[in-house]
Amino acid sequence: MVTAFVKTPLGMAKIEGDSKGVTSICVLDDIEETSSENPQELTEAVRQLQEYFNGNLKNFTFDLNPKGTEFQKKVWGALLKIPFGKTISYLDLSKKLGDPKAIRAVAAANGKNPIWIVIPCHRVVGSKGEMVGYAGGIHRKKWLLNHERSEKQQSLFP
């Protein structure tokens, strides 16, 4: 297992993985000591994450290898199908997975997502569009959703 760090507008991102793919991306509130050179296994993940934050990338293509139960992996697979700039409710996600009564289990699996941003759990909102449940903090969820909106709000004043 190797580790890389990327400075983002939301804090330091810690990326972990190996030759099979990225296993974890999390955001840290405390800055860790970082090296200037990233492991070869994570070079593409680092590059794509930087491109995402620069507004030049909508779809990640590096290999993922998250660790979790089969149910969690099924939920995370469904999250990967939520288009950039769109949101879905926990209930609608449960319905897409075939069981609207599994909403709590789906929400719990969403909360265990180990690969921040790339598996876009931030795109899941409450039934009325409200910002609910985000392990990285609601302020980060709002920032990410705003970052992904296709129509940026224009200022009335220069």
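Student: Does I117 count as buried or exposed, and at what relative accessibility?

Tutor: I117 counts as buried, at 1% relative accessibility; here buried means under 20% relative accessible area, exposed over 50% and partly exposed in between, with a 1.4 Å probe and protein chains only. The model is a predicted one, in which local features need pLDDT of at least 70, side-chain atom pairs count only at pLDDT 80 or more, and totals for chains, interfaces and linings use all residues. Residues are numbered from 1 along each chain as its sequence is written, and side-chain values use heavy atoms, with hydrogens and water left out.

The backbone of I117 deserves attention as well: its phi is positive, at about 70 degrees, although I117 is not a glycine. I117 is placed in the loop between α4 and β5, where helices (H or I, at least four residues) and strands (E, at least two) are DSSP runs numbered from the N terminus.

C121 also lies in the loop between α4 and β5. The "active site" annotation of an unreviewed UniProt entry covers C121; such positions are given in the numbering used here, feature names are shortened, and annotations may be inferred rather than shown by experiment. With 9% relative accessibility, C121 counts as buried. Setting aside neighbours within four places in sequence, C121 is in contact (heavy atoms within 4.5 Å) with L79, N110, N113 and Y134.

Helix α5 (residues 138-148) has R140, K141, L144, L145, H147 and E148 as its buried residues. Their arc around the axis is only 160 degrees, so they too are on the same side of α5. The cover over the buried residues of α5 includes β3 (21-28), α1 (43-53), α3 (90-96) and β5 (124-125).

Residues up to four places away in sequence not counted, I25 touches A13, K14, I15, L49, F62, P114, I115, W116 and V118.

W116 also belongs to an aromatic cluster, formed with Y52, F53, F60, F62, F84 and W143. The structure holds 6 aromatic pairs, where rings of Phe, Tyr and Trp (its six-membered ring) pair if their centres lie within 6.5 Å, and planes under 30 degrees apart count as stacked, over 60 as edge-to-face and the rest as tilted. Y52 and F53 pair edge-to-face, at 5.1 Å centre to centre with 85 degrees between the planes. Y52 and F60 form a tilted pair, because their ring centres are 5.5 Å apart and their planes stand at 35 degrees. Relative accessible area is 1% for Y52, which is buried, 11% for F53, also buried, and 19% for F60, likewise buried.

Conventions: The arc is that of the directions from the helix axis to the C-beta atoms.
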